[in-house]
Amino acid sequence: MATTTAQLTLSSADLTGDVLNLSVTATLTNAGTTTGISQTTGVARKFYSSAQTATLLFAAASYSDNTAHKVYVRNLSTTPSEFINLELGSGNLPLGRLYAGDWAFFPWDGTNDIDIDTSASNMTIEYALLFED
């Protein structure tokens, strides 16, 4: 059984009136079980020489529905105004926007495609999918 652990740490000395120091950890498991997620696309990068609109990143048809998939996406741009929009499904429902250096890690049920838009040309994204068969 594979064991994959995700950890998020948030800290700030001046965001609130008190020091912020939050750390959470989760073991990534298949839906409704204690069995570890055992499949991955691996971490990859894609370079887009032109701005993209509704460009497919993960096709729902390639993965099981309603299972425990985890998606990682990072905008590798160093230009503060450049962003990536993450979108779900054929209607391209907005999920979120990643500015330069931002990243996201979120659960995905595999029922809708995940698409991206880029705000500029010559942008690179980094991405991975951890999933169950």
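Q: How many salt bridges does the count come to?
A: A salt bridge is a side-chain nitrogen of Lys or Arg within 4 Å of a carboxyl oxygen of Asp or Glu. By this rule there are 2 salt bridges. The model is predicted: local features need pLDDT of at least 70, side-chain atom pairs count only at pLDDT 80 or more, and totals for chains, interfaces and linings use all residues. Residues are numbered from 1 along each chain as its sequence is written, and side-chain values use heavy atoms, with hydrogens and water left out.

Q: Which residues are linked in a network of salt bridges?
A: The network links Arg45, Arg74 and Glu126. Between Arg45 and Glu126, the closest N and O atoms are 3.1 Å apart. Arg74 also meets Glu126 in a salt bridge, at 3.1 Å from N to O.

Q: Does Glu126 count as buried or exposed?
A: Buried means under 20% relative accessible area, exposed over 50%, and partly exposed in between (1.4 Å probe, protein chains only). Glu126 counts as buried because its relative accessibility is 9%. Arg45, at 54%, counts as exposed, and Arg74, at 26%, is partly exposed.

Q: How many aromatic pairs does the structure hold?
A: Rings of Phe, Tyr and Trp (its six-membered ring) pair if their centres lie within 6.5 Å; planes under 30 degrees apart count as stacked, over 60 as edge-to-face and the rest as tilted. The structure holds 5 such pairs. One of them, Phe58 with Tyr127, is edge-to-face, with 5.9 Å between centres and 70° between the planes. Both residues, Phe58 and Tyr127, are buried.
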